[in-house]
Structure formats: C-alpha cells, structure tokens
Amino acid sequence: MLLADLVGEVRARSQARVTSGRASRTWSSRWSWLSVSVLFVVDPAKFDFYSINCYRLVGEDKLARTLAEEVLRAGTDFDGTERSPMRSTGARVTLGVTAAREGDLEQALIHGERALQDDRQSVPSLIMTSRELAAVMRLRCNKEPTAQGYLKNLQELGREKPGFLPS
C-alpha cells in the first residue's frame with residue numbers, strides 16, 4: 001500500500017467520525033422535542049443503525065461493533081423480545097464481519113448464521129452486509145470447513161432469493 005493510499009484511508013476514517021458526530025448532534029437537536037403523544041414519532045436510535053454500515057465499510061471495526069452491540073441492546077425488551085428485528089439482523093451481520101476480520105471464525109459464523117435465520121429481514125441491507133461477510137470469509141477463512149458451510153448456506157439463500165448474492 002502506498003503512503004498516499006494510507007493517508008487517504010486515514011482521512012476517510014477521520015471524516016466518517018466527524019460526519020457521524022455532526023449528523024448525530026443535528027438529529028438529536030431536531031427530534032428531541034417529539035413526544036409519544038404525536039401521531040408520528042421519529043426513532044433517534046435508528047441513527048446508530050445507519051452509522052454501523054458507515055463505520056464497517058471504512059474499516060472502523062471497533063466503532064461498528066460497539067454500535068452493533070448497542071443496536072441489539074436497545075432493540076431488545078427486558079424479556080428478550082426483539083422490538084426491531086430487522087435492525088438486529090443487520091447488527092448481527094456487522095458483528096460477524098468484525099469478528100471475521102479479527103480472525104474469530106467461530107463468532108463470525110455464530111452471528112452470520114443467526115442473522116440468516118431471523119424471520120424478518122431487510123433484504124437489501126442483508127444483501128449488502130452478507131456479501132461483505134462472505135468476502136471476508138473467503139479471504140481469511142476459505143479453507144475452514146465451517147466457513148465453507150456458511151458460504152454454501154449463503155449460496156443456497158441466493159438461489160432462493162434471486163439477486164441476493166452475485167453469481
């Protein structure tokens with residue numbers, strides 16, 4: 001990697017943090033006056049869900065993992081019921097991607113499989129994150145039988161849902 005490429009990547013990560021912080025402050029200030037008594041309530045917690053993808057895509061795995069854990073925590077009731085299952089699915093795949101990048105195949109598979117088994121899925125988001133998890137697994141864990149099983153599961157899902165994965 002050239003020094004210029006490395007500098008560019010560091011700047012991109014830094015800009016992602018600045019932009020995310022600015023957007024979070026703007027979001028909070030605009031919607032803090034809302035109450036549950038209004039007909040339509042905006043969910044400020046959804047901002048964390050959107051930030052997960054940004055941080056994961058620029059390689060800020062620690063921030064992506066932290067936000068993914070927060071999305072899972074905030075989206076789960078005291079009795080374990082998920083209030084926002086589609087967000088939870090995306091958060092699980094992000095946890096899988098970050099675990100795979102760290103070399104923790106077991107955790108990557110646990111999170112990836114759980115995301116694919118969820119009943120409610122935001123298919124476009126799941127497509128994007130699952131493609132990324134598959135790419136990381138192919139690159140780092142391709143020889144492992146369990147990783148091959150997960151990739152085979154993704155391929156089967158791709159046949160069931162055309163457009164899910166590239167051919």
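Colleague: Quick one to get me going: in which helix is Ala135 found?

Modeller: Ala135 sits in helix H6. Bear in mind that we're looking at a predicted model.

Colleague: Noted. Is Ala135 buried, exposed or partly exposed?

Modeller: Partly exposed, because its relative accessible area is 41%, and that class runs between 20% and 50%.

Colleague: Let me zoom out for a second. How many helices and strands are there in the protein chain?

Modeller: The chain has 7 helices and 0 strands. Reading along the sequence, you get α-α-α-α-α-α-α.

Colleague: What share of the residues is buried?

Modeller: Buried residues come to 38% of the 167 in the chain. On the contact side, take the pairs with a separation of 6 or more: 59% of those contacts link residues 24 or more positions apart.

Colleague: Back to H6. At what angle do H6 and H7 pack?

Modeller: About 150°, and their axes are 10 Å apart. Anything over 145 degrees counts as roughly antiparallel, so that's the label for H6 and H7. Their crossing is left-handed.

Colleague: Which residues make that contact?

Modeller: From H6 it's Ser130, Leu133, Ala134, Met137, Arg138 and Cys141. H7 brings in Ala147, Tyr150, Leu151 and Leu154. For finding them in the viewer, H6 covers residues 123-141 and H7 covers residues 145-160.

Colleague: I also clicked on Glu132. Buried or exposed?

Modeller: Glu132 counts as buried, because its relative accessibility is 13% and the cut-off is under 20%.

Colleague: Changing topic: how many aromatic pairs turn up in the whole structure?

Modeller: The search finds 1. That's Phe49 with Tyr50, with ring centres 5.9 Å apart. Their planes are at 55°, so the pair is classed as tilted.

Note on methods. Residues numbered from 1 in each chain as written. Predicted model: local features only at pLDDT ≥ 70, side-chain atom pairs only at ≥ 80, totals over all residues. Heavy atoms only, no water. Helix = DSSP H or I, 4+ residues; strand = E, 2+ residues; numbered from the N terminus. Buried < 20%, exposed > 50% of the residue type's maximum accessible area, 1.4 Å probe, protein only. Phe/Tyr/Trp six-rings, centres within 6.5 Å; stacked < 30°, edge-to-face > 60°. Axes fitted to C-alpha atoms, helices over the stretch in contact; angles between N-to-C directions. Parallel < 35°, antiparallel > 145°, perpendicular 65-115°, else oblique. Left-handed = near helix turned anticlockwise from the far one by under 90°. Contact = heavy atoms within 4.5 Å.
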